[in-house]
Amino acid sequence: RVRSVCYSLGVKLSGVYAVDDCFRAMKLGAEMVKLRGKRHFRRTFALNDTAEYIRWVPTRKKTEKAKIAVRTIKEVRIGQCTESFAKHRDSFDESRSFSLIHGADFVCLDLVAGSAEAANIWITGLKCLMDKNFREKSATGRSHDHWVKKHFQEADRDRSGVVDESEFLFLANKLNFGLSPTKLKAKFKEHDVESSGKLSYDEFIQLYQELSLRPEIYHILMKYSKSWEFLTAEEVRKFLVVDQGACNVSLEDCQKLIETYEPAHERKESGEMSVDGFTQFLLSKECGILNPNHRKVFQDMNGPLSHYFIASSHNTYLTDDQLKSDSSVEMYVRALRMGCRCVELDCWDGEDEPEIYHGYTLTSRILFKDVISVVETNAFTASDYPVILSLENHCSVPMQQKMAQYLKDILGDKLYYAMPDPTVLPSPASLKGKILIKGKKLKPEAE
């Protein structure tokens, strides 16, 4: 069984030993507090049977709208790191709090579980559902034949053991064959040997194998396979050495690959990799073109700052277009957590406070000090390398003085003060954990 990982603030999971236990608990449902602005509501949240949606009751919305598709969740954020939680900072225990950022507009669903353990179960389960590797590994654990048969039986609505043309089209859509309905109908008639208007399971399997087989992958398999049907561990090793240029590959390594990627249980038991298993292996991260050593910083980071490309964000505060969309501090949280190292702040005079928005447009406004607060909290979540605040400053001198005070008070020791050598910028390595301010200086007569 896949082991669970405890994500939340050092809490132990009592009685939850595997991810399946988390899913089981989530499907049973849990009462949680849902935050909305300054208000909060008690709702019961549950994962549906197919683990595709999270639903909640009671709700004033239509039943179909009171749900979130798991595939739309962008991030599971632990603790109290959103605007709504800022308004309830002292009302709820942080170890019970988490947020789901979902949809194209990065909507926040802020939740407080009944206990830290319950929060941890949901955080663990949701992170696993979102994780592509977990989904791939879960899929490889099932028998491929069983998987196909399950879909066939779902399409066979009248349980007759055969599928008619409309049922076949429904099934083909679920299995993502990628052909037009016209071509699928032609294939259906081609495999309907008795012209009965129906396909048996065996006839469907022949059609499935024809449509799902990638000739180029089968060609590679036949190049190394003596049987022309499967690869042995030795043949997998030969492919890795000759085609992939791998070194020091043992038969034990190849056997592990067969056990990991071969979907058919009988093939796995025989130490053989079918074309389905070979396809899954070639599409896995293990065959990615990216050098795995390059998934972390591998370059020399001791050169001047100007010698590096910097992951930067333009109009960071905007949730959508540049004319009338909302501005949100959540966009700074998201950019920084995704590894962005330079964010933009368009600063303008507000009534009493400096504000951030897209000037001369209908975009909404957020407070400069709120942005600086979330930057301080999230600056080094993804990386220790420096963060640059690019200030597009349209503020009056009194407002700029307020901005300077906020930067000092909120960022504290993280704010970089030292005057660098004007001829050489400091290196990224020497600036780890520091926040730099980039902007135009006032004209001498205004200073």
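Student: Which residues lie nearest the centre of the second largest pocket, and how many line it?

Tutor: This is a predicted model. Rolling a probe the size of a water molecule over the atoms shows where empty space is left. Here, 25 residues line the second largest pocket. Nearest its centre lie L391, I437, K438, G439 and K441. The pocket's volume is about 1,200 Å³.

Student: Which elements each supply at least two residues of that lining?

Tutor: They are β15 (387-393), α16 (397-411) and β16 (435-438). The largest share comes from α16, which gives five residues.

Student: What is I356 in contact with, leaving aside neighbours within four places in sequence?

Tutor: Its partners are Y317, S327, Y332, L345, D346, C347, S364, R365, I366, F368 and V371.

Student: C347 is on that list. How far is its sulfur from the closest cysteine sulfur?

Tutor: A disulfide is a covalent bond between the sulfur atoms of two cysteines. To count, the two sulfurs must be within 2.5 Å. The closest cysteine sulfur to that of C347 is in C395, at 5.4 Å, so the pair is too far apart for a bond. The model as a whole has zero disulfides by this rule.

Student: Is C347 buried or exposed, and what about C247?

Tutor: Buried means under 20% relative accessible area, and exposed means over 50%. C347 has 0% relative accessibility, so C347 is buried. C247 has 64%, so C247 is exposed.

Student: How much of the protein is buried?

Tutor: Of the 447 residues, 41% are buried. One of the buried residues is V19, at 0% relative accessibility. V19 lies in helix α1 (residues 19-28).

Student: How far apart are V19 and L126, in sequence and in space?

Tutor: In sequence, 107 residues separate V19 and L126. In space, their C-alpha atoms are 9.8 Å apart. Now take the protein as a whole. Among contacts with a separation of 6 or more, 56% join residues 24 or more positions apart. The secondary structure comes to 16 helices and 16 strands.

Student: On to the backbone. Where is there a cis peptide bond?

Tutor: It joins V57 and P58, with omega about -10°. P58 sits in the loop between β3 (53-57) and β4 (67-69).

Student: What is phi at A51 and at R159?

Tutor: Phi of A51 is near 60°, a positive value in a residue other than glycine. A51 lies in the loop between β2 (39-47) and β3. For R159, phi is near 55°, again positive in a non-glycine residue. The loop that holds R159 runs between α5 (144-155) and β8 (162-164). R159 has a relative accessible area of 61%, so R159 is exposed.

How values were computed
Residues are numbered from 1 along each chain as its sequence is written. This is a predicted model: local features need pLDDT of at least 70, side-chain atom pairs count only at pLDDT 80 or more; totals for chains, interfaces and linings use all residues. Side-chain values use heavy atoms; hydrogens and water are left out. Buried means under 20% relative accessible area, exposed over 50%, partly exposed in between (1.4 Å probe, protein chains only). On a 1 Å grid over the protein atoms alone, a cavity is a set of points where a 1.4 Å probe fits but cannot get out, and a pocket is an open set with protein on both sides within 12 Å along at least five of seven lines; lining residues have an atom within 4 Å of a point. Grid points are joined across faces, edges and corners, and a volume is the space filled by probe spheres set on the points. Helices (H or I, at least four residues) and strands (E, at least two) are DSSP runs, numbered from the N terminus. Contact means heavy atoms within 4.5 Å.
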